[in-house]
Amino acid sequence: MNKGILYVVSAPSGCGKGTILETVLKNNSNIFYSVSATTRLPREGEIDRVNYFFYSQKEFQKLIDEDGMLEYAFFCDNYYGTPKKQVEEKLAQGFDVILEIETNGALQIKKNFPDAILIFILPPSISELRRRLNKRRTETQEVIEKRLSEAKTEIMRAENYDYIMMNEELEKAIVDFEAIIASTKLLRNNNLNKIEEVLNNA
Ligand code: 5GP
């Protein structure tokens with residue numbers, strides 16, 4: 001059986017990646033969404049083990065010490081990381097997996113998993129990003145400013161990604177994302193077994 005494809009998606013906060021991924025995951029039942037661990041406090045409405053594994057600093061560090069993280073990073077005053085076990089299991093079972101992570105973690109993944117597909121979602125502009133973050137009303141003004149400054153650093157790293165798309169209009173962004181999935185499925189490395197199959201099935 002083929003191993004699943006590992007997708008890594010990054011976008012500055014407020015870019016709408018959550019909404020895009022929600023639809024993509026609904027339309028693609030073979031894709032597993034990796035739930036991250038974080039030391040950040042839950043926002044209103046967020047559920048432990050659904051949105052994140054909300055860990056104390058000590059619990060998070062324990063997982064790192066046990067070599068239980070695929071990658072991790074410190075971002076805007078908190079730790080975020082991908083628990084290794086669930087991702088490795090799903091990939092081995094042939095499921096594709098999506099990691100929704102920031103750029104430091106994404107680049108660690110690319111180094112350790114060269115076949116991973118990195119997708120960066122750009123906002124139409126920084127001012128539009130500011131407008132969206134203000135509208136969301138989940139962060140204080142201070143946190144918003146910090147995230148906007150972080151967004152610029154993140155956008156500069158987009159050049160290291162395999163695909164770059166923009167979320168200007170949601171419908172179009174979903175079509176673009178699904179086109180990336182379709183194109184990745186046709187990559188040479190993901191189809192070498194088919195050559196054998198055809199040759200052996202004369
Ligand atoms: P938020 O606090 O808005 O949920 O997430 C802040 C940033 O952390 C986002 O860019 C998000 O993609 C990223 N993030 C979420 N989970 C992980 C993870 O497991 N690893 C890394 N490196 N970043 C993550």
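This is a predicted model: local features need pLDDT of at least 70, side-chain atom pairs count only at pLDDT 80 or more; totals for chains, interfaces and linings use all residues.

Tutor: Residues are numbered from 1 along each chain as its sequence is written, and side-chain values use heavy atoms, with hydrogens and water left out.

Student: Which residues come nearest to the ligand?

Tutor: Being near here means having a heavy atom within 4 Å of the molecule. β5 (69-75) and β6 (78-83) each supply at least two residues of that shell, strands being DSSP E runs of at least two residues and helices H or I runs of at least four, numbered from the N terminus. Of the 16 residues around the ligand, the nearest are Ser36, Arg40, Tyr52, Tyr80 and Glu102.

Student: How far is the ligand's oxygen atom from a polar side-chain atom of Ser36?

Tutor: A polar contact is a pair of N or O atoms within 3.5 Å; within protein, one must be able to donate a hydrogen and the other to accept it, and residues adjacent in sequence count only if both atoms are side-chain atoms. On the nitrogen side, a ligand nitrogen is 2.7 Å from an N or O atom in the side chain of Glu71, and a ligand nitrogen is 2.7 Å from one in the side chain of Glu102. For the ligand oxygen and Ser36, the distance is 2.7 Å.

Student: Is Leu91 buried or exposed?

Tutor: Leu91 belongs to helix α3 (residues 84-92). Leaving aside neighbours within four places in sequence, Leu91 is in contact (heavy atoms within 4.5 Å) with Lys3, Gly4, Ile5, Leu6 and Val97. The cut-offs are under 20% relative accessible area for buried, over 50% for exposed and partly exposed in between, using a 1.4 Å probe and protein chains only. Leu91 has 4%, so the label is buried.

Student: What is the phi of Asp67 near?

Tutor: Most residues other than glycine have a negative phi. Asp67, in the loop between α2 (57-65) and β5, is exposed because its relative accessible area is 52%. Its phi is positive, near 60 degrees.

Student: And where is Asp77 found?

Tutor: Asp77 is a residue other than glycine with a positive phi, near 75 degrees. Its place is the loop between β5 and β6.

Student: Which side chain makes a polar contact of 2.9 Å with the side chain of Glu139?

Tutor: Glu139 lies in the loop between α5 (126-136) and α6 (141-156), and at 14% relative accessibility it counts as buried. Its side chain makes a polar contact with that of Arg136 at 3.0 Å. The partner at 2.9 Å is Arg43.

Student: How far apart in space are Asn160 and Leu133?

Tutor: Asn160 sits in the loop between α6 and β9 (163-166) and is partly exposed, with a relative accessible area of 42%. Setting aside neighbours within four places in sequence, Asn160 is in contact with Leu107 and Leu118. Leu133 is 27 residues from Asn160 in sequence, and the C-alpha to C-alpha distance is 25 Å.
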